[in-house]
Amino acid sequence: MQDSVKAILGIFNRAGFEAYYNGEKCRNELYNAVVQNKHLKTLNTTIITNALPEEIKRIFPRAIENENNKMIFSMEFGNEVIGIESFHKQTYYLKNGNKETFLTIPQIEHVNTLKEDYQRKIFTINCVAQDINDEYHYEDISAYNDMEKGIIRTIDNPKDVFFEFPIRTLQAFTLMSQTGFLIEKNTLKSIHSTMRYLRNMPSELVGKELRKIMTGRYVMQTLKLMHKEGIFNAKCLDEDKKIKIMSPFHECDDTKFDVLKRFRISNEVELELWAVLFEDKKQAYEELITSHRLSEKEIHTILRFFYK
């Protein structure tokens, strides 16, 4: 834990609030320590607290509220931007009698305990937090065990979790792409059975999650698994029309993934670049040539393979 995080935790504790180091960076640092194999890069710094939003603002007047979630703030502290989140829960699915409503922007409500806050973390490996004394707090022992074994599993019944907010089916693959962890068997089975509900999700949310998958270190094995499970055949909502979430991929084969890996064009590549490799040869050439990462010889080799 860096000094800046410890300093903020101390400020909250002295003000009478609980506060913990949490989020992707905390998770990855713990994993690197547990397996003694520092291959997960550290990401954004996040602190969670039982302080209400107005109390966070009172303690840190310069904290900026997230425009989509009043429980989340960001602020500059030293040389970095740190996220501060008030304990809260997010509800995406509502049922009133026979009427079902899928929300793309969740209903948000403050909660009082760390355990309650963990429910929005969805996957066990995300349910770890560190206090000012460097002690770790887990949702339960499965969080540590899954971290140690490199397993992606939901906290609650996976079928219910994915049905409530279908984007979570893609979030499981995002975790796999970022960490190289394996999706647990029952979780993967539930993804397969609930991915059809992506049809209720707008294409911009699907695209946002797919972009995260694309930039992961383990994107190739992730894409192959997604292809095997048939998730590229799933549909989402685009201007009231149902479209396949990634039509360029739904009929491709593993060989094409291997070619992309060979030429190392997976990292930091926009989704459109992947798409044109399966659609328009001229546009693909223009996109690749302007990326400045491949030689013209490599580009022509790729184009010959894809456009025989």
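Where does Arg199 lie, between which two helices? I looked this up to begin with, and I found Arg199 in the loop between helix H8 (185–194) and helix H9 (203–214); helices here are DSSP runs of H or I with at least four residues, strands are runs of E with at least two, and both are numbered from the N terminus.

I note that this is a predicted model, in which local features need pLDDT of at least 70 and side-chain atom pairs count only at pLDDT 80 or more, while totals for chains, interfaces and linings use all residues. Residues are numbered from 1 along each chain as its sequence is written, and side-chain values use heavy atoms, with hydrogens and water left out.

**Entry 1: surface charge**

I looked up the accessibility of Arg199 and noted 34%, so the residue counts as partly exposed (buried means under 20% relative accessible area, exposed over 50%, and partly exposed in between, with a 1.4 Å probe and protein chains only). Arg199 belongs to a patch of positive charge on the surface, where it gathers with Lys159, Lys185, Lys189, Arg196, Lys235 and Lys242. Such a patch takes residues with over 30% relative accessible area and no salt bridge, and joins like charges within 9 Å, or nonpolar side chains (Val, Leu, Ile, Met, Phe, Trp, Tyr) within 5 Å. Lys and Arg count as positive and Asp and Glu as negative, with His and the chain ends not counted.

**Entry 2: salt bridges**

How many salt bridges does a search of the whole structure find? I noted 7, a salt bridge being a side-chain nitrogen of Lys or Arg within 4 Å of a carboxyl oxygen of Asp or Glu.

I then went to Glu85 and Arg120, whose side chains meet in a salt bridge at 2.7 Å, N to O. This pair links distant parts of the chain, with Glu85 in strand E5 (residues 80–86) and Arg120 in the loop between helix H4 (114–118) and strand E8 (128–130), 35 residues apart. Both Glu85 and Arg120 are buried, and I also found them linked with Asp117 in a network of salt bridges.

Next I looked up Lys89 and Glu109, which form a salt bridge with their closest N and O atoms 3.7 Å apart. Lys89 sits in strand E6 (residues 88–96) and Glu109 in strand E7 (residues 99–110), so that this pair, 20 residues apart, links distant parts of the chain. I recorded both partners as partly exposed, Lys89 at 36% relative accessible area and Glu109 at 45%.

Glu184 and Arg153 form another salt bridge, the closest N and O atoms being 3.9 Å apart. Glu184 is in the loop between strand E11 (182–183) and H8, whereas Arg153 is in the loop between strand E10 (151–152) and helix H6 (158–164), 31 residues away in the chain. Is Glu184 buried or exposed? At a relative accessible area of 15%, Glu184 is buried, while Arg153, at 27%, counts as partly exposed.

**Entry 3: aromatic pairs**

I noted 6 aromatic pairs from a search of the whole structure, where rings of Phe, Tyr and Trp (its six-membered ring) pair if their centres lie within 6.5 Å, and planes under 30 degrees apart count as stacked, over 60 as edge-to-face and the rest as tilted. One of them is Tyr93 with Phe163, an edge-to-face pair at 5.0 Å centre to centre with 65° between the planes. Tyr93 in strand E6 and Phe163 in helix H6 are 70 residues apart, and the pair links distant parts of the chain. Both Tyr93 and Phe163 are buried.

Why does the pair of Tyr136 and Tyr138 count as stacked? The ring centres of Tyr136 and Tyr138 are 6.3 Å apart and their planes are at 25°, so the pair is stacked. Tyr136 is partly exposed at 31%, and Tyr138 is partly exposed at 27%. I also recorded a cluster in which ring pairs link Tyr93, Phe163 and Tyr197.

I looked up Ile122, which has a positive phi of about 70° although it is not a glycine. Ile122 is found in the loop between H4 and E8 and is buried, with a relative accessible area of 7%. Asp134 also has a positive phi, near 70°, in a residue other than glycine; Asp134 lies in the loop between E8 and strand E9 (136–138) and counts as partly exposed at 37%.

Last, I noted Leu9 in helix H1 (residues 3–14), buried with a relative accessible area of 0%.

Methods:
Accessible areas come from the Shrake-Rupley method with a 1.4 Å probe; for residues, only the protein chains shown count as cover. The place of a charge is taken as NZ of Lys, CZ of Arg, CG of Asp or CD of Glu.
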